[in-house]
Amino acid sequence: MNMVEKKLSNDFYIESPLPPKRTRMQEFQRHFGQNRLAILGLFIFILFFCCAVTGLFLTSGSRPIFDPAMVRLQEKLRPPLAKPNLDSLQPQEVPALGVYLMGTDDLGRDVFARMLQGAWVSLTVGFVAVGISVLIGIFMGGIAGYFGQHHIRTDHILFTLALILGTGLVIVNYTFIGIVIILLCLAYIFYSCLARHESTEKETPVLKAVLHSNAVSVDTLIMRIVDIMLCFPSFFLILTVVALLPASIYNIMIVIGLTSWMGTTRFVRAEFLSLREQDFVAAAKALGLSNFRIIFRHIMPNAIAPVLVSATIGIASAILTEAGLSFLGFGVPPPHATWGNILSNGKNFIFDAPWLTFIPGVAILIVVLSFNLFGEGLRDVMNPKLRERH
Amino acid sequence: MLSFIGRSVVQKTITLFFVSIVSFLIIHLAPGSPSQVDPMNPKFTPEMVERFQKEFHLDKPLYIQYIYFYQDLFTGKTVSWKDNQSVLKKIWERFLNSLPLFVVGTLITWTLSFPVGIRSAIFRGGIYDRSATFISYVLISIPGFFFAYVLIIFVVTYFHVPVIGMETFGIGDAPATYLFMDRIWHLVLPSMLGATGGIAVLSRYVRSQMLEVEGQDYIRTARAKGLPAEQVHYKHALRNALLPFVTMFGLILPGLIGGSVIIESIFSWPGMGRMAYEAVLARDYPIILTVNFVSAVLVLAGTFISDLLYLVVDPRIRL
């Protein structure tokens with residue numbers, strides 16, 4: 001206590017302000033280092049990342065070192081660490097390590113190779129899906145927070161609807177009417193862009209006044225869209241869309257991304273709303289900076305912390321969702337292995353070959369857990385209010 | 001108060017309208033059409049397809065199909081494309097099957113997570129708190145289907161009871177107590193699985209709410225008065241920490257229908273989630289759309305109820 005007081009009084013008499021004793025990064029490291037679970041999470045995540053990348057190289061190509069698709073019917077359902085029966089195998093069928101590290105499945109495929117292949121799927125699904133959702137979330141939330149007070153004019157809404165209608169008509173094969181509507185809309189946009197530069201001294205006609213009236217603010221519009229999206233039961237929606245679309249890993253990533261951006265939007269909007277009123281933004285505006293620079297250079301770095309946290313936790317839930325979809329039989333088409341479909345194939349042998357259930361299950365658990373721990377650790381470190389309390 | 005109710009009803013009706021449009025478009029613009037479900041079936045001649053399409057207005061433009069569909073839905077005439085049964089009746093039957101799962105799961109969640117959360121808030125930073133935190137992370141992270149199989153292996157190996165389905169197959173005319181115990185055994189695992197995620201999330205939330213309240217000035221005052229610790233924790237702190245949870249009663253409503261697709265299909269439980277899953281597989285659009293619509297209604301009703309409850313419970317809020 002005494003020391004602190006001394007220090008305070010020293011600081012008080014100093015003429016020129018000093019830089020802080022520790023940089024922001026050092027501060028961050030110090031706090032993060034105290035959170036042992038978060039460190040564990042980060043460590044597992046790095047390990048998983050390395051596994052997935054090396055796994056991709058080891059299992060792909062025309063002659064992979066670990067072949068996840070190699071069927072050895074005479075070696076089916078061998079337990080983990082079993083030695084292959086060399087008499088009955090061709091030389092190229094012998095697993096690379098000389099042992100089935102994680103056993104084999106009902107077709108005699110090496111589970112270790114399949115797990116390596118599946119790791120990459122989990123990793124990419126997690127990152128791409130969350131990447132999509134974070135991009136949409138930042139975009140929508142940023143617009144709602146920063147330009148929220150602007151109003152959308154009635155004519156903007158009308159021609160947006162007309163454009164959508166036109167595109168829809170083209171898709172449903174009413175090509176001619178659709179193209180006419182789209183062209184009309186484009187002409188109107190072109191006209192209104194030109195008209196903006198003309199002087200508007202003349203008295204405005206009623207139709208124009210109605211068209212130019214403010215219909216709804218940007219903020220309200222975006223938040224209503226968020227409300228609409230939140231009404232859908234998310235897993236069921238993802239399941240429906242994935243089942244209707246052709247089976248492919250990219251569809252899953254996109255669908256998960258498109259159905260999970262609402263949380264990020266809300267965070268970003270809230271951050272932008274409060275940051276917009278801060279003095280440094282007013283200063284930046286007074287200096288005549290462009291909106292683009294204010295948003296991306298000044299506001300975004302201050303608003304990114306909760307986004308990072310929710311993205312980390314979002315990766316965890318995206319991996320879980322993908323595993324659930326693969327488990328139900330949607331998702332990556334069969335010869336390709338994912339952790340979900342290894343488990344799904346293994347469910348018929350839970351009593352004879354429990355490793356087919358436990359190995360992918362525990363792997364998913366550990367990876368998802370590491371993301372959750374790391375995310376919560378980040379939240380604790382980045383939120384000074386929470387930090388004081390612990 | 002009345003104006004608040006009126007405004008939110010109007011707002012929610014508009015939201016519901018857009019939800020109905022979006023879900024209709026998603027289903028109908030997806031590639032493939034329901035009449036192509038079974039192209040290999042030799043009985044499915046082109047004439048059949050044509051009759052099928054006429055029967056269900058599939059030859060009309062989309063907006064007319066939309067109007068037909070919601071007209072049928074509100075007059076209760078929607079029929080499943082698979083077996084021509086009334087969709088609402090089917091959903092109601094399945095809902096009655098899902099209800100025990102939901103009720104037991106919710107009860108387990110709420111009765112377990114409060115003691116756990118309160119205790120870890122009171123002994124913050126202790127070994128109990130840290131292990132509870134870690135376990136709740138594990139429960140959030142564990143994939144439901146994997147946990148289900150772990151539990152099945154465990155229960156079947158150690159207790160030798162069947163757990164798949166709603167009751168043991170062919171149990172017939174057993175004594176009533178036996179039937180009852182059989183139902184209980186079949187109910188335990190799926191409802192526990194439904195509760196795991198809920199327990200983890202809710203107990204963390206209880207903990208953070210309790211911590212929030214325990215840091216308030218009036219708690220310090222209560223302590224300074226020399227009140228016994230129990231009274232401070234349970235009378236002063238807990239009562240105020242309970243406030244946000246009252247509103248959560250509204251938010252559990254959507255869980256009624258969302259059910260769990262995965263858990264119900266693992267346990268062959270003939271509930272809502274499983275019906276929805278089967279409908280997706282069979283491209284039975286009326287059922288998919290109705291389930292979507294009903295769950296959107298429940299979400300909106302849930303938020304409405306929670307707003308109202310907040311209004312009633314918290315005198316500081318005036319709308």
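Modeller: A residue is called buried if 20 or more other C-beta atoms lie within 10 Å of its own, exposed if 12 or fewer, and partly exposed in between, with C-beta atoms placed from the backbone. This is a predicted model, in which local features need pLDDT of at least 70 and side-chain atom pairs count only at pLDDT 80 or more, while totals for chains, interfaces and linings use all residues. Residues are numbered from 1 along each chain as its sequence is written, and chains are lettered from A and ligands numbered from 1 in the order in which they are written.

Chain A has 16 helices and two strands (DSSP runs numbered from the N terminus: helices are H or I, at least four residues; strands are E, at least two). Helix H12 (residues 279–286) of chain A lies largely in the open, because zero of its eight residues are buried. Just after H12(A), Gly288(A) takes a positive phi of about 85°.

Now the pair, in chain B. Helix H6 (residues 144–159) and helix H7 (residues 176–214) of chain B pack at about 145°, with axes 10 Å apart. Axes are lines fitted to C-alpha atoms, for helices over the stretch in contact, and angles run from 0 to 180 degrees between N-to-C directions. From H6(B), the contact uses Gly144(B), Phe147(B), Ala148(B), Leu151(B), Ile152(B) and Val155(B). H7(B) brings Leu189(B), Leu193(B) and Thr196(B). Contact here requires C-beta atoms, placed from the backbone, within 7 Å. Seven of these residues are nonpolar, two are polar and none is charged. Ala, Val, Leu, Ile, Met, Phe, Trp, Tyr, Cys and Pro count as nonpolar, Asp, Glu, Lys and Arg as charged, and the others, Gly among them, as polar.

Next, the domains. An automatic or database domain assignment sets the bounds. Chain B is divided into domain 1 (2–75) and domain 2 (87–313). Their centres, taken over C-alpha atoms, are 32 Å apart. Each domain of chain B gives 13 residues to the contact. On the domain 1 side, H1(B) supplies the largest share, nine residues.

Last, the chains. 36 residues of chain A contact 37 residues of chain B. On the chain A side, H15(A) gives the largest share, eight residues. That side has 27 nonpolar, five polar and four charged residues.

Methods. Two residues are in contact if their C-beta atoms, placed from the backbone, lie within 7 Å.
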